[in-house]
Amino acid sequence: MATGQDKDEHLDSPLDVQGDGQSAGVHARGEVEGNSVTPTGGPGINHWQASYIGAPGLDDRGNIFFAAVEMTRMPMVVTDPNQEDNPIVFVNGAFLDLTGYKEEEVLGRNCRFLQGPDSDRATVAEVRKALEEQRAVSVDLLNYKAYGEAFWNALFIGPIFDQHGKLLYFFASQMDITERRSALESNLQAQKMEAIGQLSAGMAHDFNNLLQVINGNLELANLTAGKTPAAEPIRRAQRATMQAGKLTQQLLSFARKQRLEQKPISLNSLVMEFSDMLVRTLGKEVELRLDLRPGLPTCSLDPTYLEMALLNVVINARDAMPQGGVVTVGTSVVSEARRGANRLPPGDYVSVCIADEGEGMTPDVAKRATEPFFTTKGLGTGLGLAMVHGFVQQSQGRLEIDSEPGQGTRVRMMFPVARHEARDEDGGTDLASLADAAGRKCRILVVEDNPDVRELAEAMLAAADYEVVSAPSGETALALLQRESVDLLFTDVIMPGGMNGLQLIEQVHATTPSMPVLVTTGYMDELPARGSKGQALEVLAKPYDHQELLDRVHAALHGRRAA
């Protein structure tokens, strides 16, 4: 605990004498007086840590200093430790404004009446100990107003002595710092979530490489197993591998690193078309109601991830109503007031809101609802709302959760209205047809630093009768392209220690702009939708299966966008 000097140390300290000896004080000299961040931005040098007065009493109120105390917006209190329980003997008007109490409700009471259920006991004990030792103390403490509202109080308390060192009063100044504390907590929470997101995304990248090797080799094994007894165990292992792949996609969704295939969609149409699935998910005990605003503007969103987000929220609503009830899915145009309250950039927004009549959440639970792996259910990963939050954020929207115990929950996803842009409909060169006409196989360059993943891709493509060459790095791939021609570049994005896949594509297109490219990755961090020269990038997410790879390669070689 850090507090000001004790009384004996004060007596040995040089005094700042004022008013011809009527008062004197001990300079703080940069000492930290408690656990708070001070209003001056540091411990302070010149303010008094303790003071000595020659004429005790509160009756003389005719001077400029009393007028200043009453005029200031800084709440101020004086208590008398020589009376039982150290009661308040003076408050200024700003204190009454801050707390909502009347003067007669305050005078004669100990300051502890401002404390409440969430006031930190350790901080209160720190203040109490400082008062017992007649020291100055400065803390941030959660206090409560007359009508029950909590606020963060930057509290400074200092002792006032007479000329002989006897304690006469304690003086306290206070300041409402709720907004500052909220901003600080929000910043810390954002930093924590970002750190978790980076960790999750990095793990997902490495895990997806492993899953790619496992699933790909299981596919090849299944091709040779035929109808032998080994075929069914292989298929079960494949299903488990793909389930693991979905889990990593949830992690990437939370981390806002998944690749979104955005399309112009109508929220009303999507909700209507998806309502059958929602009804089946809710079961017989829960009724689904739709409240869709006509003429809603379109959004540019990934419909698959939006459906996943809707499903996750509806499942939470169902679980919150074990005895049944009503879930309402509504759409609306976001008001300017709501847009401003959620700090969304200027523009038009629409929302889809899922409201239930369930148990609701306490403020503590609602505050943590979007944290990954946080769940109040006995079973489950705790990734549902984390995934929803990540998807909405990555879609340049906001997620708003309004819930009270016993009053149900409303989850609102807000998205920007789509900006209509011209689309590039030009097709590419049909390289596969050109290769057939020349009487040769299509040649594909596979660039992958992981040898197991690279060998697996080679085997999959060779099994489909493609000619395959490979390189473990971007630099090696460029050297190979100088002496050999290829029809398609199939490259990983993340290749540690040198040139990454995007840099490789940029250099290849600098000399061969028409070269078709297929990109694969297990980590979508800042992966652009188009390359540096404006070419659309086809992205194949890991883990991918054999047929998915062949479909994407076939589309790229025939100059088409994949479906």
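Before I start: I call a residue buried if its relative accessible area is under 20%, and exposed if that is over 50%. I also remind myself that this is a predicted model.

Entry one, helix α16. I looked up residues 501-511 and found Gly501, Leu504, Ile505, Val508 and His509 to be buried. They sit on the same side of α16, because they cover an arc of only 125° around the axis. Then I checked the face turned away from that buried side, and there I found the exposed residues Ala510 and Thr511.

Entry two, helix α9. I counted 17 residues here, 303-319. From first C-alpha to last, α9 reaches 24 Å, close to the 24 Å expected at 1.5 Å a residue. Its buried residues include Pro303, Tyr305, Leu306 and Ala309. At the start of α9 I noted Asp302, which has a side-chain oxygen within 3.2 Å of the backbone nitrogen of Tyr305.

Buried or exposed, I asked about Ser403? Ser403 counts as buried, because its relative accessible area is 14% and the cut-off is under 20%. What does the side chain of Ser403 reach at 2.7 Å? I found the backbone nitrogen of Met361 there. The Ser403 side chain also makes a polar contact with the side chain of Thr409, at 2.7 Å.

Phe207, Leu210 and Ile214 make a nonpolar patch of about 270 Å². I placed Ile214 in helix α6, residues 178-225. Ile214 is partly exposed, with a relative accessible area of 43%.

Methods:
Residues are numbered from 1 along each chain as its sequence is written. This is a predicted model: local features need pLDDT of at least 70, side-chain atom pairs count only at pLDDT 80 or more; totals for chains, interfaces and linings use all residues. Side-chain values use heavy atoms; hydrogens and water are left out. Patches are made of residues with over 30% relative accessible area and no salt bridge: like charges are joined within 9 Å, nonpolar side chains (Val, Leu, Ile, Met, Phe, Trp, Tyr) within 5 Å. Accessible areas come from the Shrake-Rupley method with a 1.4 Å probe; for residues, only the protein chains shown count as cover. A salt bridge is a side-chain nitrogen of Lys or Arg within 4 Å of a carboxyl oxygen of Asp or Glu. Helices (H or I, at least four residues) and strands (E, at least two) are DSSP runs, numbered from the N terminus. Buried means under 20% relative accessible area, exposed over 50%, partly exposed in between (1.4 Å probe, protein chains only). The expected span of a helix is 1.5 Å times one less than its number of residues. A polar contact is a pair of N or O atoms within 3.5 Å; within protein, one must be able to donate a hydrogen and the other to accept it, and residues adjacent in sequence count only if both atoms are side-chain atoms. The arc is that of the directions from the helix axis to the C-beta atoms.
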